[in-house]
Amino acid sequence: MGYILATQVDDIPETPIPERELTFDRFLDKILSHQFREQNPEVQFAERVAMIAKLEADEGVYPLPDRYKIHLILTALWEDGSAYSRAILKQAISELPVNYGVWKGLKRIYKQAEFSQDYEIFGQIAAKIDLQRFDQTPKANVSFATKTYMSLRAWRYLRQLGQQMPIGYIDAAVCVLASYDETMTAGSAEQTSSWVLNHICFHNSLDYGVNRFSSRSPRKLFDAKGRAFSEAWQRDPEPLIQLLAIAKNEAVRQFATDSLKHDFKTQLRDVSNDTLQYLSAGKAHSKARDEMIVWLLENSPNFEKSKFQTLGLHQVVLQLLHSHYPAAYQYAIGYAKSYAQDLSLTELMLLAMSDYEPVRTFAINNILSRDPISDIGVNGWGQLLDTEHHHQTASKQLSKHFTRRDLTPEWFFERLTSSRRYSVKFAIKKLPELYSAKELGSEYFIRVAQQLDISAAYDFSAHDDSYCMHFALDQLRRLDLSQINASVWQVLLLHPLSQSTVIDWIDEDVLSAAALDMSYWHALAYEPDWQVAEYIELLKSTSIINLISSTDNQGLPPISEPIKNWQKQLDFDEYLAENVQDWLSDVRRFAPIDLGFDWLMTLAHSEQALYREFAIERINKGFLPADFVAYLDNDSNEEGSPTDSASSGNTTGSSSNADVATEVDLSGQRYLFTGKMQSMTRGEAEKVVKAANGAISSAVNGKLDYLVIGDDGSPLYGNGRKGSKQLKAEGLIADGAALKIISETAFLQMLSGQSREVSEDDIFAGANALWHMATDDATAPISELAISYLSHHHEHICMALTDRPVDPDAIIPSSFFDAERVIPLLQQRNSQLRDFGLLLSEYEMATWQPTPALWLMIAESPYTEVTELLKRALLDEPSVTNRRYHIQPTQLNADMLNALIESKARVARQIGITLLQRHAHFQEVQSLYQLTQSTDREVRYAAVTMLWKHYKSRHVSPNWQPNSSDKEVAQDKDSNTQPIIKEQPVKTAENLPAEVDQLLMLLRRGLFELPPGRLGG
């Protein structure tokens, strides 16, 4: 509690502290500033005292934090003086950091302890400050100078004791040495930088200045000649024995041992057994202490090994078996071989795991000398099986002396779930030899898998539990996996140790993905669903055994079981999500309708392309246009729910394609399959058809009802080539046959009773909903789905994109894509919508009857690709490639031409003039004359040219013939010029088209405005 108080962080004030308010941080800033330090020392002292007094008065708005008042607690403990208060005070001195509040209390207590000769408290404070003297952090509460002053004062006090009262010096020095922290080592920076410690040990041998020693690093603290007041140390061994027993630091304990062996070699020959017991009860596993005990035992004539039991030294020596000092455990081994043959099995097990080979050898030899069954037993060998050095011995003994009666399944279960390498390996090897997987049952291996975990650091690549998990899964595969509850696989698929194996099993169809709940797959495939999935939250906070048993044992009380590390670290896995999406895309496992239309639409709205692409593919494949009407109805009414089964989908997976139902009656309908099927082989499909009262046709002919194209298709698909069966079927359909070409997905829906009849009105309504999705906001993610769906369900576009026809029930009629709907898309700034409009135009323009305004909209488009398409449609020669967008002459009318010619866009005028020049039946003389009044020079030129053709024959003599050269030129021109659309012969006008004055004006315009003709040749 005191440490928490001393290190607590100050609260951040809600409002800025006014500059005039004094806080402790501002106090530090001021006294450490250069300006403050330049003042007279007496002035500095006075200001510091005044500021501290103000801070401690708690009169300001911002009082001193409680952590700076901890000195009040320390002082109260000191003044209480009881044994309990003194113990708490000593612990506080040892653990609390040296900050202002602590320092104020320590300084006061130190001075009073020095005055009252309380060496124990004095020693603790002196040692703490001495080690932390050079530990300076920015803006430290206690400066280096202050701590140096305290260290100098402590040594000065000790030196005065040594000079005036040597006995008191030794007692005080022992208390100081005993208080040095155990983390300090001889030669470390803390030791070489100390002041008090170095004076006690090296006062006469090391060079030192005003406040520090030289940088030489001694290997030991003991220096017989260098230590201060060496004669005082040699007077009595008791203080050194006490120091050896109570010192926290090993280097200090070694100082005591070396001092005793150097100064009292003869005197300690008569050491009492009580002294040895006292030392043995001291700091555990101290090499210096154990060295001293062995030295005393070997050098004293009063101690014979045969009398150790009587003298009470038996346990003192046996305790040395756990020593880190070689001579100590060797001495103990020698003694135990003769006088301790009855060591307990528990003690021998501990010794068998010793870090030192002689001790381990002694222990295992002792164990092997006993009866392996009655004395050691299966549990004893099981403990040794977990050790690095004796696992082979334990394995041999277990295999040699124990049978199924002793090595029970539960015993193996403990080994398998122990996370200990050698125990796990032994169990993996031995369990199948004694018990078959069928005998143990699936529940046994499921229990094993449930207990396995990963390390807290998530490093399980070499974790022993991973070996055990592979073993458990291998045994499970030998059993009937279909009988195992789906909840088990839901857990194991997410378990890091079993995930890869379960993924492989689903890939290989060892496990049925359709057996797991669809909402579970949704969470694994789509991160937003993962974040809100109740099952995932439950898995993170509930033990696995309770989670799995809750599905089978309703009403039973929960079992107390800790949550595993892997559950706590569970997070969305993108790699697993990719696998799940692949499974959901596989029609062998799930029909698109099984995934749920609403869920797929949610993915289609996602900003992430990966989710959208997955949803688009599934929706294109398995849903009808009418489904979008139900979706929009449900979307607009939060309380309602779609009545169409496609909208909600199947969330249990019970009707997935993994188990195609054959309850439908195909009523003798004839089927033929082509291309590679994805969900089953062609032979399996034929069996399913026959089982549903259908028939298989041997060839494409007029009697065939359905040609089914496999979803995997053939290598020719996508390369512009179709199979011969499909081509023949298309030909029969074109000739009026009732044959239908359907996809494998549609075939599966038909077999499972999921195919639906929808009205043309519903199809139009669904298509209209899609159109709004596509065009209302072209930047919205859902627009991509709508464009893709409309394209893939257009009868001719789908064939061009996939080489496969649209399923008959899913075709969006061509009449939906009329000119009024499509042409506005060609003006869209959004390239995605404009490209969609161009695609539709290329397949529908030939069927349109646009108004002049719509033709003008296309012609005046600012986008080159749009006007180029119009030019090809109106001006190119008809062919197979342009038959769907080529405009026949019969579709043209005068209003359309007038609109084009009168357009402000030059491209539109050029198209209109070209059409007028090619189609003579539109060249009415009065209209041409009016065009000569146009403000556009090209239009006027074209009009004059066409008028000239009409009237040029009036100025030629009836018997005139061109000369030979003119004939050759004319023939050459005729042979090189192939007009696309040949003009109809025009009758010569009988009357003048206008008054003579107007014709003269036309003549002048022709003479002055028409460009001169070019010379031939």
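This report walks through the salt bridges and a pair of strands in a predicted model.

## Ground rules

Residue numbers start from 1 along each chain as its sequence is written. Because the model is predicted, local features need pLDDT of at least 70 and side-chain atom pairs count only at pLDDT 80 or more, while totals for chains, interfaces and linings use all residues, and side-chain values use heavy atoms, with hydrogens and water left out.

## Salt bridges

There are 27 salt bridges in the structure (a side-chain nitrogen of Lys or Arg within 4 Å of a carboxyl oxygen of Asp or Glu). Take D263 and R227, whose closest N and O atoms sit 2.8 Å apart. D263 belongs to helix α15 (residues 250–263) and R227 to the loop between α12 (196–202) and α13 (230–233), so this pair ties together parts 36 residues apart in sequence. (Helices are DSSP runs of H or I, at least four residues, and strands are runs of E, at least two; both are numbered from the N terminus.)

Both D263 and R227 are buried (under 20% relative accessible area; exposed is over 50%, partly exposed in between, with a 1.4 Å probe and protein chains only). Helix α15 also supplies K261, which bridges to E291 in helix α17 (residues 287–299), again with closest N and O atoms 2.8 Å apart. E291 counts as buried at 12% relative accessibility, whereas K261 is partly exposed at 26%.

## The strands

Strand β1 (residues 670–674) has four of its five residues buried, so the rest of the structure largely encloses it. β1 pairs with β2 (residues 695–696) in the parallel sense over two bridges (pairing takes at least two DSSP bridges). Y671 has I696 in β2 as its bridge partner.
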